[in-house]
Amino acid sequence: MSMAIRIAREEWRLWLRSKVVVAAALIIAVLLAATSVLTINRIADEQVQRMEQQVAAEETFFAQPDRHPHRMVHYGHYAFRPPPPLAVFEPGVDAVTGQSIFLEGHRQNSAMFADTKAGADLGGFAALTPASLYQLLLPLLLIVLGHAMFLRERESGTLAVLLAQGSSGTKLALGKATALLSVIAIFMIPLIVVAAYSVTLGESVLAAASLVAGYFLYLCIWGAIVLAASILIRQRAISLGALVFVWLFAALIVPRVAINASSAAIDAPGKIESDLVMLAEQRKLGDGHNAADPAFEQLQAQVLEQYDVETIEELPINWRGVVATYSEAELTNLLNRFAENRMALEAGQSRLFDLFGLASPTIAIASSSRMLAGTDLATHHRFLRESENLRFDFVQALNQAHATDLDYALDMNRNNDAASAEAARINAESWQVLDEFRFQPDSAVDRLGRARLPLGILLLWLAIASSFVVWAARKVRV
Amino acid sequence: MTAPLEARSLSLMREGNAVLDDVSFSVAEGEIFALLGGNGAGKSSTLLTFLGFLRPSAGEVLVEGRSVHANVAAARSSIAYLPEAASLYGHMTAYENLEYFLDLAGRKATRSDLDSAFERVALAEEARSRRLQSYSKGMRQKTAIALALLRETPILLLDEPTSGLDPVAIDEFHDLVKALASSGQTILMVTHDVYGACQVADRVGLLRRGKLVGSFAAEPGRRIDTETVHAAFAEREAA
Ligand SMILES: Nc1ncnc2c1ncn2[C@@H]1O[C@H](COP(=O)(O)OP(=O)(O)OP(=O)(O)O)[C@@H](O)[C@H]1O
Ligand SMILES: [Mg+2]
């Protein structure tokens with residue numbers, strides 16, 4: 001072991017005496033620091049902002065004056081998805097999914113971007129996150145540092161001297177691996193700092209530590225690939241070229257292919273296309289605003305029978321409120337069916353994408369990273385479902401108030417004159433039906449469970465890459 | 001008494017070509033044996049076989065009486081090897097190079113041990129803390145020789161040790177090798193320098209296209225006659 005450390009120390013001496021290596025490491029260190037600070041600031045801002053916006057939206061809703069209940073249904077409400085603490089490292093799908101939804105009756109709106117300004121401010125750099133630097137740039141640094149680490153011993157003839165002195169390929173490889181490992185350990189520091197910071201923002205230690213461990217695994221995989229190439233390949237230029245090609249393949253080509261392949265394999269109908277089908281089905285349900293719509297005849301018969309009366313005017317409740325409640329439930333069923341279909345397709349695509357991790361460790365770490373940070377598609381889907389529940393609950397509570405708290409006759413006359421309109425209102429107390437909405441990340445254990453596939457793939461990669469190194473080191477000859 | 005180095009009917013193939021053909025010799029303890037031959041004769045290959053880097057296609061090589069290929073590690077631990085091209089690290093100073101190699105060989109050496117080795121090879125004091133990338137070929141060679149000395153092994157295998165050295169340094173080196181031999185080290189050196197070989201060796205073997213074609217031993221108290229060896233060398237090469 002001490003021999004490995006001795007060899008690693010010499011490797012460090014070489015690196016520190018090489019201007020190219022020092023410059024490359026410094027550039028990456030600065031880039032990492034700058035990106036971390038920028039991302040932390042941006043995400044921390046967004047988190048505070050969206051939590052404030054959520055509270056403000058609730059307060060505004062509660063503060064509405066006496067109104068017709070259906071006007072409140074259309075007044076609507078907002079649900080915000082604040083970034084989870086680890087989004088300071090891995091903003092994940094946030095950049096493409098939208099983080100707030102306008103909630104109103106009879107509609108499921110798509111998520112919007114809470115602040116388009118963030119993206120515009122930073123230009124293309126919003127995409128430059130600490131996570132992407134770790135995924136893409138650090139492997140390149142390992143390639144620069146390590147592509148010749150073994151073969152240069154062969155080149156300079158020192159390999160023969162070392163072997164003649166009783167060293168072995170395995171011992172030398174262990175020393176070189178130790179050197180790369182120490183580089184990886186040093187470059188883990190910014191991630192560890194950011195992860196620790198996320199813990200102060202309320203992240204669980206388990207999730208933060210798992211994220212750190214995942215990236216450590218990932219970089220070790222690259223270290224092993226680089227080391228194996230430097231043992232097996234005899235010329236610097238070829239080793240460098242081959243490794244850069246592997247990098248291009250793993251970091252750019254496979255992800256591109258994976259995206260295309262998974263959307264081709266699981267065909268999600270376009271938004272417009274599915275909206276048209278949905279509208280057609282929706283029309284069959286009848287218009288909930290029009291209590292006289294023939295679609296509600298059956299309901300009418302049923303309700304009249306239930307209350308044992310002949311006409312809707314005799315009902316102890318407001319027929320329009322009953323219709324609104326009924327049709328909202330029917331419509332929501334339909335909308336949810338379409339929404340669940342779409343989410344199932346998207347989830348299928350993303351599962352297929354995850355499997356491409358078998359072809360590229362970069363995909364495996366990207367998936368693990370988003371899942372562990374709670375910025376993955378599944379979390380966004382949960383946000384959509386939870387905000388839909390919030391929407392349905394407050395809309396139905398208002399419809400219920402419409403049915404029970406507003407007299408049918410007053411309601412029917414609401415358009416006669418100003419005084420009638422005035423009369424067709426209910427007390428603002430009724431707006432308290434709105435539930436408080438605080439979107440929370442999944443528990444760390446749930447997130448880890450979700451990430452087990454990509455994390456398992458990373459472990460597999462590491463096992464394969466390091467056995468490759470062991471095999472290559474064993475057969476080292478002069 | 002078993003010879004520290006022995007080749008028994010050694011034949012060697014490298015990439016399908018016969019490089020050594022039925023070569024037999026042995027080097028006794030404290031003896032200096034010079035293997036003389038032209039380019040491509042198989043001199044370096046012979047040394048590599050003793051180190052276990054190359055495997056004989058027939059016959060065997062023995063180090064301290066044991067077959068090298070039965071226990072490569074044991075053979076290597078008795079040998080210090082000076083490769084054909086001084087193989088050291090350009091980004092390190094002479095001190096750093098030696099400290100590193102000796103560390104990996106599991107040999108502890110103090111700064112003054114290093115200095116006395118540098119004295120023996122006459123490496124200028126001011127040069128010792130300079131990186132080897134600024135060294136001349138001879139200075140590198142001297143550093144490599146100093147490393148071989150510091151290994152303090154019973155056997156030295158030297159591949160063209162005087163290449164790159166100036167005449168004064170060559171003479172000093174010959175004195176050094178003789179001193180090492182008389183203190184009991186066994187030395188096998190390969191060279192194409194007829195004069196040098198005759199100056200320093202107790203015995204000279206003439207290698208030609210993988211065959212040992214001649215052997216010249218020094219009479220007690222005298223050196224091998226350069227003219228005789230040179231004539232044999234030239235004749236054999238011409239043949
Ligand atoms: N790495 C190698 N692979 C295959 N054949 C080799 C290799 N190195 C040397 N040979 C061949 O082995 C033969 C002997 O080479 P060797 O290096 O032992 O000669 P040498 O006597 O040391 O020559 P020189 O005086 O030029 O150093 C030559 O024919 C050479 O072509
Ligand atoms: Mg040679």
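I take partly exposed to mean a relative accessible area between the limits for buried, under 20%, and exposed, over 50%. I also note at the outset that this is a predicted model.

**Entry 1, the magnesium site.** I looked up the protein donors of the magnesium ion (ligand 2) and found B:Ser44, through OG, and B:Glu84, through OE, at 1.9 to 2.4 Å from the ion. These two residues are 40 apart and link distant parts of the chain: B:Ser44 belongs to helix 1 (residues 43–50) of chain B, while B:Glu84 sits in the loop between strand 6 (79–82) and helix 3 (94–104) of chain B. I then checked their accessibility: B:Glu84 has a relative accessible area of 41% and is therefore partly exposed, whereas B:Ser44, with 18%, is buried.

**Entry 2, the sheet in chain B.** I followed the strand order of an open, four-stranded sheet in chain B and read it as 2-1-4-5, with antiparallel pairing. Which strands stand at the edges? They are strand 2 (17–27) and strand 5 (66–67) of chain B; each has a single partner strand, so one side of each lacks a neighbour in the sheet.

I next examined helix 10 (residues 205–232) and helix 15 (residues 361–373) of chain A, whose axes come within 10 Å and cross at roughly 175°. Because angles over 145 degrees count as roughly antiparallel, I record helix 10 of chain A as roughly antiparallel to helix 15 of chain A. The residues of their contact divide into nine nonpolar, four polar and no charged. From helix 10 of chain A the contributors include A:Leu211, A:Tyr215, A:Tyr218 and A:Trp222, and from helix 15 of chain A they include A:Pro361, A:Ile365 and A:Leu372.

Is A:Thr39 buried or exposed? I found A:Thr39 in helix 2 (residues 19–62) of chain A, and at 3% relative accessibility this residue counts as buried. Leaving aside residues up to four places away in sequence, I listed its contacts as A:Ala87, A:Val88, A:Pro91, A:Leu128, A:Thr129 and A:Pro130.

Key
Residues numbered from 1 in each chain as written. Chains lettered and ligands numbered in written order. Predicted model: local features only at pLDDT ≥ 70, side-chain atom pairs only at ≥ 80, totals over all residues. Heavy atoms only, no water. Donors = N, O, S within 2.8 Å, 3.2 Å for Na, K, Ca; no water. Buried < 20%, exposed > 50% of the residue type's maximum accessible area, 1.4 Å probe, protein only. Axes fitted to C-alpha atoms, helices over the stretch in contact; angles between N-to-C directions. Parallel < 35°, antiparallel > 145°, perpendicular 65-115°, else oblique. Contact = heavy atoms within 4.5 Å. Nonpolar A, V, L, I, M, F, W, Y, C, P; charged D, E, K, R; others polar. Pairing = 2+ DSSP bridges.
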